[in-house]
Each structure stands twice: as structure tokens, then as C-alpha cells.
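Hi,

Here is the structure I promised to pass on.

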Amino acid sequence: MKTRGLLVLDVDSTLIREEGIDLLGAEVGVGEQVAAITKCAMQGKYDFEAALLERVTLLKGLPEAIFKQVSKKIHFTKGARQLIEEMHQRGYKVGIVSGGFHEMADELATKLNVDYVKANRLEVKDGKLTGKVLGTIVTKEVKKAILRQWAEENNLTLAQTIAVGDGANDLPMILTAGIGIAFNAKPLVREQAPYQINQTDLYHVVKLLEGIESED
């Protein structure tokens with residue numbers, strides 16, 4: 001089947017109900033501190049890269065096995081699996097992009113049969129987190145760039161792309177996509193996104209898409 005389009009989903013508080021880094025922080029006893037930084041970053045009040053590095057530093061010393069423990073506390077947002085299955089049937093590729101971590105996102109992608117994954121990777125030495133991130137950090141500009149890259153790889157125009165997210169870090173990606181959707185988003189994102197969904201059900205993306213197609 002010819003690829004008809006591309007759907008890119010943010011992970012934390014979009015594809016899943018939780019913020020993965022907050023769950024990790026709770027395991028090391030700094031959950032409230034980490035969550036407070038996350039909240040500010042998602043509202044656009046704090047530079048995302050600086051916020052990420054500050055939170056990751058607080059995770060130093062956690063055992064690598066922590067990811068398996070935390071994965072048990074993660075729940076897919078209602079409609080996530082149905083949305084991805086429906087979009088695949090329609091000939092779309094589906095990617096997830098996260099300011100969180102590959103150590104968690106890869107497992108989610110496998111469970112949902114997602115085509116692409118882009119996230120940060122944590123440094124591990126001697127089986128423990130070092131408090132550092134490896135490689136380029138997934139900032140808002142990286143999210144926008146990966147949307148463009150995945151579209152180009154499939155010979156798609158940006159008009160054939162859909163991006164869904166909730167935080168300030170998702171806004172450039174949302175504004176770049178052909179259809180940009182704020183999903184139960186922070187006020188800053190709702191104000192600027194072309195479309196918004198305020199029900200906690202990702203299948204509403206399909207309903208929104210059908211409504212747009214019927215107008216054309």
C-alpha cells in the first residue's frame with residue numbers, strides 16, 4: 001500500500017497518561033521536585049533542554065532495571081491503540097517522538113506496532129544511571145525536524161502530516177504539520193494550535209480528520 005500520510009504523536013501525557021520522567025523521579029524520592037520542573041517546562045515557562053538536564057541529574061544512581069519497574073505503572077491513553085490501527089489501515093505511517101527516553105518509548109512502540117521512534121537516551125555505567133543524557137536532546141526544534149524527516153523519507157508533503165501533542169515542546173511540530181492538534185494541552189498550546197481535542201480519547205483524532213476531510 002502506498003503511504004498516504006504520517007501521524008506523529010508526542011508520548012508523555014499524549015500517547016500515555018503519565019509523564020515518564022516523573023515516575024522515575026518518584027522511584028528515587030524526588031518525584032514532587034521532578035514533577036514541578038516538568039510542569040513548568042510543558043507550560044513553556046522553562047527552557048526544555050535545561051529542564052531535562054536538571055531532572056536527569058536527579059536520577060543519578062538509579063539502577064538500569066528501574067525501567068522495567070516503571071513500565072508497569074504506565075497506561076496508554078484511551079483510544080491510542082485504536083487510533084494507530086485505524087491510521088495504519090488508512091495507509092499512514094505512525095511515529096512517536098518524546099522528550100523522554102528510548103528506554104521507555106521503545107517498549108511502547110513495540111506494543112503498538114509504531115513505525116518510528118525518536119527519544120532521548122540516558123547514559124548508563126556499571127548498571128546505573130549517571131545523571132547524563134547521550135547524544136542530541138530531543139527539543140522542540142528536534143521534534144519539528146523529525147516530523148519533516150519522516151515525511152521526506154516517505155515522499156510526503158507536510159500537508160499530508162498530522163502532529164498531536166500537549167506541551168510547549170510540541171508546539172513547533174504542531175504548527176508545522178498539515179493538521180496540528182493540541183491534545184488536552186497546556187493553555188499556551190491550545191491558544192496557538194490549529195485544532196484541539198479536549199477529551200481524553202485519542203480516537204477523536206480520527207473523528208477530527210473525518211470532519212476536516214468532509215469539508216474539503
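This is a predicted model: local features need pLDDT of at least 70, side-chain atom pairs count only at pLDDT 80 or more; totals for chains, interfaces and linings use all residues.

**Pockets, sheet and cavities**

Let's begin with the second largest pocket, which is lined by Arg4, Tyr92, Ala159, Gln160, Thr161, Ile162, Ile179, Leu209, Ile212, Glu213 and Asp216.

Residues are numbered from 1 along each chain as its sequence is written, and side-chain values use heavy atoms, with hydrogens and water left out.

The search runs on a 1 Å grid over the protein atoms alone: a cavity is a set of points where a 1.4 Å probe fits but cannot get out, a pocket is an open set with protein on both sides within 12 Å along at least five of seven lines, and lining residues have an atom within 4 Å of a point. Points are joined across faces, edges and corners, and a volume is the space filled by probe spheres set on them. Helices (H or I, at least four residues) and strands (E, at least two) are DSSP runs numbered from the N terminus. For the classes, Ala, Val, Leu, Ile, Met, Phe, Trp, Tyr, Cys and Pro are nonpolar, Asp, Glu, Lys and Arg charged, and the others, Gly among them, polar.

**The largest pocket**

The largest pocket holds about 210 Å³ of space. It has 13 lining residues, and Tyr46, Asp47, Phe48, Lys140 and Asn169 are the closest to its centre. Helix H3 (48–58) and helix H8 (171–176) each supply at least two residues of the lining. By class there are 7 nonpolar, 3 polar and 3 charged residues here.

**The sheet**

There is an open, mixed sheet of 7 strands, in the order E4-E3-E2-E1-E5-E6-E7 (strands pair if DSSP finds at least two bridges between them). At the edges are strand E4 (128–134) and strand E7 (195–197), each pairing on one side only.

Strand E1 (residues 5–10) runs parallel to E5, joined by 4 bridges, and also pairs in the parallel sense with E2, over 6 bridges. Val8 stands opposite Ala163 in E5 and opposite Gly95 in E2. How much of E1 is buried? Of its 6 residues, 6 are buried (under 20% relative accessible area with a 1.4 Å probe, protein chains only; exposed is over 50%, partly exposed in between). In a regular strand the side chains alternate between the two faces of the sheet. In E1 both faces are covered, with Gly5, Leu7 and Leu9 buried on one side and Leu6, Val8 and Asp10 on the other.

**Helix H1 and Ile21**

Helix H1 (residues 20–27) is mostly covered, with 6 of its 8 residues buried: Gly20, Ile21, Asp22, Leu23, Leu24 and Gly25. These pack against helix H2 (31–42), H3, helix H4 (66–71), E2 and H6, where contact means heavy atoms within 4.5 Å. After H1 comes Gly29, with a positive phi near 85 degrees.

Ile21 counts as buried because its relative accessible area is 7%. Leaving out residues up to four places away in sequence, Ile21 touches Val34, Thr38, Leu52, Arg55, Val56, Leu59 and Phe101.

**Cavities**

The count comes to 3 cavities of 30 Å³ or more. The largest cavity has a volume of about 130 Å³; of its 16 lining residues, Asp12, Glu19, Phe48, Gly99 and Gly100 are the closest to its centre. H2, H3 and E2 give two or more residues to that lining, which has 5 nonpolar, 4 polar and 7 charged residues.

The second largest cavity has about 70 Å³ of space, and Gly20 and Ile21 are among the residues that line it. H1, E2 and H6 give two or more residues to this lining, and its classes are 8 nonpolar, 3 polar and 1 charged.

Cheers
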